[in-house]
Amino acid sequence: MAEAAAQAEPRTPAERTPGTLAESVRAYRLVVGMWMRSTTVYRASFVMTAAGNFAATALDFVTIMLMFSHIHALGGFTLSEVAFLYGTASTSFGLADLLMGSMDRLGERVRDGTLDTLMLRPAPVLAQVAADRFALRRLGRLVQGLLVLGWSLPRAGVDWTPVNLALLPLTLLVGAAIFGAVFVAGGAFQFWAGDAAQLQNSVTYGGATLLQYPPALFSRELVRGVTFVVPLAFVNWLPALHMMGRPDPLGLPGWVDFAGAPVAAACCALSWLVWRAGVRSYRSTGS
Amino acid sequence: MGGFYAAVAVRGFRRYATYRVATAAGVFTNTVFGLIIAYTYIALWDQRPHLGGYTEAQALTYVWVGQALLAAMAQMGGGFETELMGRINSGAIAVDLYRPADLQAWWLAADLGRAGFQLLGRGVLPMVAGGLVFDLALPASPLAWLLFAAAVCLGTVVSFAIRYLVGLSAFWLLDGTGVVQISWIVGLFFSGMLLPLNAFPGALGDVAQALPWSAMLQVPADVLLQRRQGADALLALAFEAGWAAALLAAGRLVQNLATRRVVVHGG
């Protein structure tokens, strides 16, 4: 038995190469699985918090419905069209929040010194932080977004050509990747300013709220800012306007509507660099 | 005794004043949300110019008053209630009850100190930012500002009294997360944070205006916008004071019920 045990564990931590993508995914899945098991033990508590998450998210849509109790079009968009924008933004954000939402706890771990424990483990730190206290209740947000999206699909005036049919799932994934990159960069920022966890809320929650409304409502500077600086416009505005056959307010060339995937890839690469710089600048409280 | 609770309030103020980076981050976030909501309101009031009796400038002022009061009224959490629940769950509440200070008055003083800081630290700058970007309908008369200050104070007491009841629920529930969550969802809806209550459709608006949560935004905003002036403004303050007294009394009653059945684990 002793020999078998020795064979089963041939690698020392030093020989393992944490940091590869496969290692990260594996570590992430292990930690997430652990948290999911622990969450579902208290089933009533899980159902209640998930329902609460759903209801809290639904408040945004309630606001929109209250507005539409007085009007037929907001900025020239009908309720179904706004719902399409809302559904795509919320689904993408819900997915990113579910998978990477724990990143904003990093500041806490830096403050209380428990980040050192994660760094000592032979697994990529980013994967561990992202999976830390994985909150399955965030499914509530995702489900709420999907329900609104599903309701809007036949009503938003989208011509379901093969291109549009393919563009929709791609858009949701690209949006989730862009928001995920924001979560990682925002988390990394807490290496330098641990108390500023709220700051990323303005881009994540604020961004998700912004994208629920037609871009025509906002000032051109704001729309330019979320197109060229923090490219949130690629989450849903550009592709969704294309699907609904509406022009984008900045009058960008048509191919830009399909540029989401490379933009998302660039965002992820950039946030990875920020993350690495953050980890390198980290000085433990004990040092 | 008054000096003692004043000291508690000052400590509450200082405690929150310690986190300067967090406060700056909060100010930034409030400003971003204010901007987003303001643009949606402009589109709405563009279609319905006198919705709820507000002009566009008044509606925009309402948005920034809402962002300025959000943290002070602890509408998204961040108040004392989770701390109180923690002390009830851990049994530390037994020690609190032995102290020569009244439990409700202690937490009220501490929470008013917190609210005072968050009104200044989190409220003023977003309001200034809003004023720089949009034309706001702020009153010139000092009396309107004085009445607004009174309305905000009373609103904070109402907010406290509701959250005190939420906190005390931990005497009966092992996990109060659900109650806290329901409390702030209901609060956001009925305070007018989503949309001014006078722009709610039909009877829903009338009901919402009569409920205590309206003291947390709608009533102070209407006083500042001078939609309620003179005797009507005093009536608005009396409405808030009435709810504050009723809810504080309810908190006192529940506290008496709860402390009679305190069971300290391990005791």
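In which helix of chain B is the place of B:Asp111? In this predicted model, B:Asp111 sits in helix α6 of chain B, which covers residues 103–133. The residue is buried, because 25 other C-beta atoms lie within 10 Å and the cut-off for burial is 20 or more. Leaving aside residues up to four places away in sequence, B:Asp111 touches B:Gly12, B:Gly79, B:Phe80 and B:Phe160. B:Leu168 stands 57 residues from B:Asp111 in sequence. In space, the two C-alpha atoms are 15 Å apart.

Chain B as a whole is built from helices. Its secondary structure comes to 11 helices and 0 strands. From the N terminus on, the elements run α-α-α-α-α-α-α-α-α-α-α. The radius of gyration of chain B is 19 Å. The globule rule gives 18 Å for 267 residues, so chain B is as compact as a globular protein of that length. Along the principal axes, the C-alpha trace of chain B spans about 65 × 40 × 35 Å. Of the 267 residues of chain B, 50% count as buried. Among contacts in chain B with a separation of 6 or more, 80% join residues 24 or more positions apart.

Two loop residues of chain B have positive phi values. B:Ala74 is not a glycine, yet its phi is positive, at about 50°. B:Ala74 lies in the loop between α3 (56–70) and α4 (81–90) of chain B. This residue counts as buried, because it has 23 C-beta neighbours inside 10 Å. B:Gln226, also a residue other than glycine, has a positive phi near 60°. Its place is in the loop between α10 (218–224) and α11 (230–260) of chain B. B:Gln226 has 20 other C-beta atoms within 10 Å. The cut-off is 20 or more, so B:Gln226 is buried.

The UniProt record, an unreviewed entry, places the feature "transmembrane region" on chain B at residues 21–42, 62–80, 119–138, 144–166, 178–197 and 233–251.

Chain A has 13 helices and 0 strands. Along the sequence, its pattern reads α-α-α-α-α-α-α-α-α-α-α-α-α. The radius of gyration of chain A is 21 Å. For 287 residues the globule rule gives 19 Å, a close value, so chain A is as compact as a globular protein of that length. The C-alpha atoms of chain A fill a box of roughly 70 × 45 × 40 Å, taken along the principal axes. Of the 287 residues of chain A, 46% count as buried. Residues 24 or more positions apart supply 84% of the contacts in chain A with a separation of 6 or more.

For chain A, the unreviewed UniProt entry places "transmembrane region" at residues 44–71, 83–101, 170–192 and 252–275. The span 83–101 of chain A is 95% helix and 0% strand. Its end C-alpha atoms lie 24 Å apart. The span 252–275 of chain A is 67% helix and 0% strand. The end C-alpha atoms of residues 252–275 are 31 Å apart.

Within chain A, helix α9 (residues 162–189) packs with α10(A). The angle is about 170°, and the axes are 9 Å apart. An angle over 145 degrees counts as roughly antiparallel, so α9(A) is roughly antiparallel to α10(A). From α9(A), the contact is made by A:Phe179, A:Val182, A:Phe183, A:Gly186 and A:Phe189. From α10(A), it is made by A:Leu199, A:Gln200, A:Val203 and A:Thr204. By class, this contact has 6 nonpolar, 3 polar and no charged residues.

The two chains also meet. The contact takes 29 residues from chain A and 29 residues from chain B. On the side of chain A that touches chain B, α3 (43–68) and α10 (197–211) each supply at least two residues. The largest share of that side, 11 residues, comes from α3(A). By class, the side of chain A that touches chain B has 16 nonpolar, 12 polar and 1 charged residues.

How values were computed: Residues are numbered from 1 along each chain as its sequence is written. Chains are lettered from A and ligands numbered from 1 in the order in which they are written. This is a predicted model: local features need pLDDT of at least 70, side-chain atom pairs count only at pLDDT 80 or more; totals for chains, interfaces and linings use all residues. Two residues are in contact if their C-beta atoms, placed from the backbone, lie within 7 Å. Helices (H or I, at least four residues) and strands (E, at least two) are DSSP runs, numbered from the N terminus. Ala, Val, Leu, Ile, Met, Phe, Trp, Tyr, Cys and Pro count as nonpolar, Asp, Glu, Lys and Arg as charged, and the others, Gly among them, as polar. Axes are lines fitted to C-alpha atoms, for helices over the stretch in contact, and angles run from 0 to 180 degrees between N-to-C directions. Angles under 35 degrees count as roughly parallel, over 145 as roughly antiparallel, 65 to 115 as roughly perpendicular and the rest as oblique. UniProt positions are given in the numbering used here, feature names are shortened, and annotations may be inferred rather than shown by experiment. The radius of gyration is taken over C-alpha atoms; the globule rule is 2.2 Å times the number of residues to the power 0.38. A residue is buried if 20 or more other C-beta atoms lie within 10 Å of its own, exposed if 12 or fewer, and partly exposed in between; C-beta atoms are placed from the backbone.
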